[in-house]
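I opened a new page for this chain today.

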Amino acid sequence: MQKKALKEALRLSDEAWSNQELWEKNLSAAITVLEIELENNPDCTEAMISLGALLSDSGKHQQALDVLRKAESNGSEDGMLYYNLGAVLMNLGIESREKAKAYFEKSTAMKMKPELSSEHWPPMQPGKFGLD
């Protein structure tokens with residue numbers, strides 16, 4: 001079920017990015033899919049990472065930070081987690097730009113799971129974050 005939920009959430013998110021009229025509806029639906037997945041598989045870091053990204057996209061940055069920090073504490077070594085943590089910290093403004101930059105840089109040194117990738121995801125290359 002895990003991969004099916006992740007694929008559905010990614011599909012909904014991609015549609016939202018492609019058609020802004022679907023933004024709220026699809027992000028809400030994708031969040032629900034991932035929340036259900038986490039009820040069934042509470043240690044699924046891939047679902048946590050995706051949920052954190054979607055919560056942040058929805059403007060729910062503190063909730064996103066809480067979910068992403070849980071994935072981090074569970075030992076995830078996925079670069080997407082650290083990219084999302086950096087983005088959320090920048091949006092919240094509660095941590096320094098250097099802290100966010102450190103997460104962005106950490107993300108570039110780590111592998112990313114393809115099931116969390118999308119055509120709408122920004123390139124993960126050093127120096128591409130506008131923080132230099």
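**Entry 1: the fold**

I read the elements from the N terminus on, and they run α-α-α-α-α-α. My tally for the chain is six helices and zero strands. I note that this is a predicted model.

I then looked at how the chain packs. Of its 132 residues, 42% count as buried. I also checked contacts with a separation of 6 or more, and residues 24 or more positions apart account for 56% of them. The accessible surface comes to about 7,300 Å². Carbon and sulfur atoms hold 49% of that surface.

**Entry 2: confidence**

I looked up pLDDT before going into side chains. The chain has a mean of 81, and 78% of its residues reach 70 or more. Where is confidence highest, and where is it lowest? Helix 2, residues 23-40, is highest at 95. Helix 6, residues 97-108, is lowest at a mean of 74. I flagged residues 119-132 separately, since their pLDDT is below 50. In the model this stretch still has 26 contacts beyond near neighbours in sequence.

**Entry 3: salt bridges**

Next I turned to charged side chains. Those of opposite charge can pair when their charged atoms come close. How many salt bridges does the model have? I count two.

I took Glu8 to start. Glu8 forms a salt bridge with Arg11, with the closest N and O atoms 2.7 Å apart. That is within the 4 Å cut-off, so the pair counts. Both residues lie in helix 1, which covers residues 2-18. They are three residues apart, about one turn of the helix.

Then I took Glu15. Glu15 forms a salt bridge with Arg11, and here the closest N and O atoms are 2.6 Å apart. Glu15 and Arg11 are four residues apart in helix 1, so about one helical turn separates them. Salt bridges that share partners join Glu8, Arg11 and Glu15 into one network.

**Entry 4: exposure of the network**

I wanted to know how covered these side chains are. Are they buried, exposed or in between? I looked up each relative accessible area. Glu8 has 30% and is partly exposed. Arg11 has 37% and is partly exposed. Glu15 has 32% and counts as partly exposed. Buried would need a value under 20%, and exposed a value over 50%.

Notes
Residues numbered from 1 in each chain as written. Predicted model: local features only at pLDDT ≥ 70, side-chain atom pairs only at ≥ 80, totals over all residues. Heavy atoms only, no water. Salt bridge = Lys/Arg side-chain N within 4 Å of Asp/Glu carboxyl O. Helix = DSSP H or I, 4+ residues; strand = E, 2+ residues; numbered from the N terminus. Buried < 20%, exposed > 50% of the residue type's maximum accessible area, 1.4 Å probe, protein only. pLDDT = per-residue confidence, 0-100. Contact = heavy atoms within 4.5 Å. Areas by Shrake-Rupley, 256 points an atom, 1.4 Å probe, with all protein chains shown as cover.
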